[in-house]
Amino acid sequence: MTGQTHGSARPNQWLRNLNAKIASIPMILTAVVIFVGGTAWTVLYSFTNSKLLPRLSFVGLDQYERLWAAPRWLVSIENLAIYGIFSLIFSLVIGFVLAALMDQKIRFENTFRTIMLYPFALSFIVTGLVWQWLLNPQYGIQSIVRSLGWTSFSFDPLYNADIVIYGILIAALWQGTGLVMCLMLAGLRGIDEDIWKAARVDGIPMWKTYVLVIIPMMRGVFITTLVIIASGIVKVYDLVVAQTSGGPGIASEVPAKYVYDYMFQAQNLGQGFAASTMMLVTVAIIIVPWAYLEFGGGRKRA
């Protein structure tokens, strides 16, 4: 009888929240048709010799061979690696430190939090133009410092091919660190106050409490923040266009700009699709481990 009862109850699981499931059908269809279909279409045409218009003229892996033989693409990958590594490290470290300071119940906390988060409300184009001016040697920081008497001071990263990517990194950190701080602060505020009290009673230094207790408890916050930062790194485009347009020369090229230039300026859709597919692979490398840690790993522990 019990088995029959459970067996007859199972079909009802599909009928739960039926209205919500019906309402979600348009979004599911949108995701399948637009996102999955568009992705499959891009990958398919990356194996063709499409130029101005897409055409099914397959050339195998020729587009990928040309892609990885192009100096411009190799420079963009190198820039993305440098930008990505330093952006991840500094965003997480600075964001967590600011959140930890903000968590000390300081005065005017709301004001400081608003100030820190405000740059994130700006578009990347605005941020890029602001920092292009600030890093301009004739009008920006270098000019101001020299006017104060330090005539030998030099700070023009956007005009130096060897360090131009670090000038872009400065603007990105200024804009994105506030969001990381808010995410970390939300995680810190979710920590039970009794844990802090127990650590103080046991005489554990504050830095040890953060490293050995608090940070491991914020694992989910760190993983989510990591994915948000990483997805922004892969698609970085606006800052580069606003600050340097890929210059000097091709010194600040990034994959997203490479894709745009080949698809809409060079009228070489096949090459643009191949570069887009490589960016898709990069995103998948980020998303799949995150999904496993958040969902697959949680199921095993349960």
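Tutor: We'll go through the annotated regions and then the salt bridges.

Student: Great. What should I know about the numbers first?
Tutor: This is a predicted model, so to speak: local features need pLDDT of at least 70, side-chain atom pairs count only at pLDDT 80 or more, and totals for chains, interfaces and linings use all residues. Residues are numbered from 1 along each chain as its sequence is written, and side-chain values use heavy atoms, with hydrogens and water left out.

Student: Which residues does UniProt give for the ABC transmembrane type-1 domain?
Tutor: The unreviewed UniProt entry places that domain at residues 77-292. UniProt positions are in the numbering used here, with shortened feature names, and annotations may be inferred rather than shown by experiment.

Student: And how much of residues 77-292 is helix?
Tutor: That span is 73% helix and 0% strand, with its end C-alpha atoms 26 Å apart. Helices here are DSSP runs of H or I with at least four residues, strands are runs of E with at least two, and both are numbered from the N terminus.

Student: Where are the transmembrane regions?
Tutor: The unreviewed UniProt entry lists residues 25-47, 80-102, 114-134, 163-188, 209-234 and 273-293. Residues 80-102 are 100% helix, and their end C-alpha atoms are 31 Å apart. Residues 273-293 are also 100% helix, with 30 Å between the end C-alpha atoms.

Student: Switching topic: how many salt bridges does the structure hold?
Tutor: Eight. The criterion is a side-chain nitrogen of Lys or Arg within 4 Å of a carboxyl oxygen of Asp or Glu.

Student: What does Arg189 pair with?
Tutor: Arg189 bridges to Glu109, and their closest N and O atoms are 3.0 Å apart. Arg189 lies in helix α8 (residues 164-189) and Glu109 in helix α5 (residues 109-117), so the pair ties together parts 80 residues apart in sequence.

Student: Is Glu109 buried or exposed?
Tutor: Glu109 is buried, at 11% relative accessibility, while Arg189 is partly exposed at 37%. Buried means under 20% relative accessible area, exposed over 50%, and partly exposed in between, using a 1.4 Å probe and protein chains only.

Student: Which partners does Lys257 have?
Tutor: Lys257 meets Glu253 at 3.2 Å, N to O, and Asp261 at 2.8 Å. Lys257 and Glu253 are both buried, and Asp261 is buried as well. Lys257 and Asp261 sit four residues apart in helix α13 (residues 255-265), about one turn of the helix. Salt bridges with shared partners join Arg72, Glu253, Lys257 and Asp261 into one network.
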